[in-house]
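Have the viewer open as you read.

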Amino acid sequence: MPNDTIYLDNNATTRVAPEVFEAMRPYFCERYGNPSSIHRFGGSVASEIEKARCAVADLIGAKYRNKDGNATEIVFTSCGTESDNTALQCAVRAACGKTKIITSAVEHPGINHYLDELARQNYEIVKIGVDGQGRLKMDDFRAALDGNTAVVSMMYANNETGTIFPVAELCRLAHEAGAYFHTDAVQAAGKIEIDVDRDQFDFLSISGHKLHAPKGVGVLFARRGIPFTPLILGGHQEKMRRGGTENVASIIALGKACQMAKAALPDEIRYLASLRDAFEAKLKASIPKIRINGDLEHRLPNTASVSFEDIEGESILMLLDQFGICASSGSACTTGSLEPSHVMRAMNIPYNAAHGTIRFSLSKYNTQAELDFTAEKLVPIIARLREISPYWGK
């Protein structure tokens, strides 16, 4: 990363940790054997994959090990989206003809687009709304559950606001209704504690590049005993659950990243929350008419979603970029016109605020000095944009 770059877009992707890169390096040119090979050179690689599988399981609280000591509930995939798609396919196939799927109105496209396909196959998709803080409307969720519910799929934490859903309670209620439960934990893994055994999730998705591993590797936790329908058919890899030669180097990297995340989790939660809170306090003290989005008591420690009223988020990002500051917008470009994101719309954030929403997402590599610099530069940026805004002061 260039020294003049301040990267505050870690919910989009993270840098690969140096220790993770060093762990994966030998698997390109030295230990390059195919783990499916019968010879020792490939077999030694297979054993390292199983160690990585156990490291992932340890991070999310999956305690089951088979007689060989392997964490067989962990399936390696290419990304969080593949894991999400696979989980939904497994659940609806295992649900024996049930046709209702319950999700939230603020899910990631990795869920939403697959559900669009299931809707075309005559599944009933019920999207539960959220309140102004991004919290799920629990009464609506309870009312939607019935004996025809095949699966409930709810994200663990929202990628835009950081709001954390009560996934343990959601899972319990889903099971009481006879439904499977899946959670997209792509934003939560490595940032807050996860315990799949305590909370009894059936399926859980992770993406490596959100916790300092490379892009192109993900995980699906699939609880043993639930019938599994592979999304990708091919060889015998992943115990017939995901065909294709394993992405060995990235799997090793993900195992190392999970090991590091577990060891540092309590300290990193405190550190990131302190950075976020100090940053938000500076913005509120120096810039009028802003709002902090999400559930301020139950959100990811690294995520600040800030709405600057009466200006466009894209303009803020362009001016921040001139100072080497990387963040992301809460708006999405839809059919050629800028519209607030589906998350902001679901929360009923006023249009003049939703349109000027910026997400700042932090990692352990960020510093207080970087956040102070960003807050300092935002003050004149917002003032300048409001001076030329046709909406400011109206």
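Here is a short tour, starting with the ground rules.

This is a predicted model, in which local features need pLDDT of at least 70 and side-chain atom pairs count only at pLDDT 80 or more, while totals for chains, interfaces and linings use all residues. Residues are numbered from 1 along each chain as its sequence is written, and side-chain values use heavy atoms, leaving out hydrogens and water.

**The sheet**

Four strands form an open sheet in the order β9-β10-β15-β12, with antiparallel pairing. Strands (E, at least two residues) and helices (H or I, at least four) are DSSP runs numbered from the N terminus, and two strands pair if DSSP finds at least two bridges between them.

| Strand | Residues |
|---|---|
| β9, edge strand | 290-293 |
| β12, edge strand | 328-329 |
| β15, joined to β12 by two bridges | 357-361 |

S328 has R359 of β15 as its bridge partner. Helix α14 (residues 368-388) packs on the sheet and touches β9, β10 and β15; contact means heavy atoms within 4.5 Å.

**Helix α5**

Helix α5 covers residues 109-120. Its buried residues (under 20% relative accessible area, 1.4 Å probe, protein chains only) are G110, I111, N112, Y114, L115 and L118. They pack against α4, β3, β4, β5, β6 and α12. After α5 comes N122, with a positive phi near 75°.

**The cavities**

On a 1 Å grid over the protein atoms alone, a cavity is a set of points where a 1.4 Å probe fits but cannot get out, and lining residues have an atom within 4 Å of a point. There are three cavities of 30 Å³ or more. Lining the largest cavity are 21 residues, and G190, K191, L211, H212 and E268 lie nearest its centre.

Methods:
Axes are lines fitted to C-alpha atoms, for helices over the stretch in contact, and angles run from 0 to 180 degrees between N-to-C directions. The expected span of a helix is 1.5 Å times one less than its number of residues. Buried means under 20% relative accessible area, exposed over 50%, partly exposed in between (1.4 Å probe, protein chains only). On a 1 Å grid over the protein atoms alone, a cavity is a set of points where a 1.4 Å probe fits but cannot get out, and a pocket is an open set with protein on both sides within 12 Å along at least five of seven lines; lining residues have an atom within 4 Å of a point. Grid points are joined across faces, edges and corners, and a volume is the space filled by probe spheres set on the points.
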